[in-house]
Amino acid sequence: MKDWRKVHVETLAVHAGHEIDPATGAVAAPIHLSTTFQRDVEGTYSRGFMYSRNDNPNRKALEDGVSPLEGGAAAAAFGSGMATAMALFAALAPGDHIVAHVDAYYGTSRLLSDVFLRWKLETDFVDMSDLAAVEKALRPNTRLLWMETPSNPLLKIVDVAAVAQIARKAGVISVCDNTWAPIIQRPLELGTDFTFHSTTKYFGGHCDVMGGIVIAKRNDDFFERVRTIQYTGGAVPSPFDCWLVLRGMKTLPLRVRAH
Ligand SMILES: *Cc1c(COP(=O)(O)O)cnc(C)c1O
C-alpha cells in the first residue's frame, strides 16, 4: 500500500482509496454490484474477491481510504455506526468488563446496557473527563475503554491521550468514537488502539447514506476478530453506500473547517 504519511490531509482525502479503473480508465470508481466473483480454474480467487459479504471492491476502497486518513493499519466498514460498535463489543467475551463514557451516544449506551448485558458483558459508565474516576472504574476483567469526544449531544470533552495512557498501562483496549471530530482529532496518534466513526454523519455529509467504520492502529488478533464478525455476521454496507461515503471523504477536510 502507498505510504500516505507525508501527504497533506486534503490531498489524502481526495486520493486515498481511489485508483484509476484499469478496465476503462474511469477516474471515479465503478460500483460493483456483483455479489459473486469468478473462481480461477485452479479453484482459487486470485483477484481477491469471492463473495460480496466477505469483501467487495467498493468496501475495500473505502477501508483503504479511511484507514490512512486516521493513521491506521487497517479498517473495517459496516452498514451503520451501531453495527460497527456491535462488532467491537461482540469481539469481547462473556465476563469481560467495559468502561464507557457517561455521555456516550445514546445508541451505544443502549447497546451496552440492553443487548450486551444479557450476554454477560458488564459496563460501568463514568465521566471520563475525571481521570481518577476512569482509573477507579478499572477491574481485573476490564477489557475495553470506550471514549467519545466531543460527545453527542452534549459536546463533552475527554482527554484522549490521558485516557489512552490509562488503558495502555492497564493492558486494556482503548476505542475513541471520533464521529464529531474527523480530521481535526486523530485518536490513534493520541495513543488509542481504535478509532470509530459513524460515517452517517460528517463522512457522508449529505444525509443520504448510513455507515460506520472502525480503524485499527495495529492489525492484531482483536481486529482480526472484528473482521471475522464483519464478514460472518454480515452487517456490511452496500457497494453504493461505500461509494457514497468515500466520495464524501473527498470534501471532508473542507467541510469540517466550515463546520
Ligand atoms: C450517530 C452516532 C452513532 C451511531 O451511528 P449510526 O450510524 O446512527 O448507527 C455513534 N456515535 C456517535 C457519536 C454518533 O453521533
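**α2 against α8**

I started with this pair: α2 and α8 are roughly parallel to each other, so I noted the class limits (angles under 35 degrees count as roughly parallel, over 145 as roughly antiparallel, 65 to 115 as roughly perpendicular, the rest as oblique). Helix α2 spans residues 57-69 and helix α8 residues 239-258; they pack at about 30°, axes 8 Å apart. I take axes as lines fitted to C-alpha atoms, for helices over the stretch in contact, with angles from 0 to 180 degrees between N-to-C directions. Helices and strands here are DSSP runs numbered from the N terminus (H or I, at least four residues, for helices; E, at least two, for strands).

**Ground rules I jotted down**

This is a predicted model, where local features need pLDDT of at least 70 and side-chain atom pairs pLDDT 80 or more, while totals for chains, interfaces and linings use all residues. Residues are numbered from 1 along each chain as its sequence is written, and side-chain values use heavy atoms, with hydrogens and water left out.

**Who touches whom**

I looked up the residues in contact (heavy atoms within 4.5 Å). From α2, they include A61, L62 and V66; from α8, W243, L246 and M249 are among them. By class, this contact has 11 nonpolar, 2 polar and 1 charged residues. For the classes, Ala, Val, Leu, Ile, Met, Phe, Trp, Tyr, Cys and Pro count as nonpolar, Asp, Glu, Lys and Arg as charged, and the others, Gly among them, as polar.

**α3 against α7**

Next I checked helix α3 (residues 81-90) and helix α7 (residues 221-233), which pack at about 125° with axes 9 Å apart. That makes them oblique to each other. A87, L88 and A90 of α3 make the contact with F222, V226 and I229 of α7. I find 6 nonpolar residues there, no polar and no charged.

**Ligand**

I see 15 residues around the ligand (a heavy atom within 4 Å). The closest are N152, D177, S198, T200 and K201. Then I went through polar distances. A ligand nitrogen is 2.7 Å from a side-chain N or O atom of D177. A ligand oxygen is 2.6 Å from a side-chain N or O atom of T200. G81 has a polar backbone atom 2.9 Å from a ligand oxygen.

Most residues other than glycine have a negative phi, and most peptide bonds are trans. I found the T149 to P150 bond cis, omega near -10°. N152 and P153 are also joined by a cis bond, with omega about 10°. P150 sits in the loop between β4 (142-148) and α6 (160-170), and P153 lies in the loop between β4 and α6. K120, not a glycine, has a positive phi of about 70°; I place K120 in the loop between α4 (106-116) and β3 (122-126).

Conventions
Polar contact = N/O pair within 3.5 Å; in protein donor to acceptor, adjacent residues only side chain to side chain.
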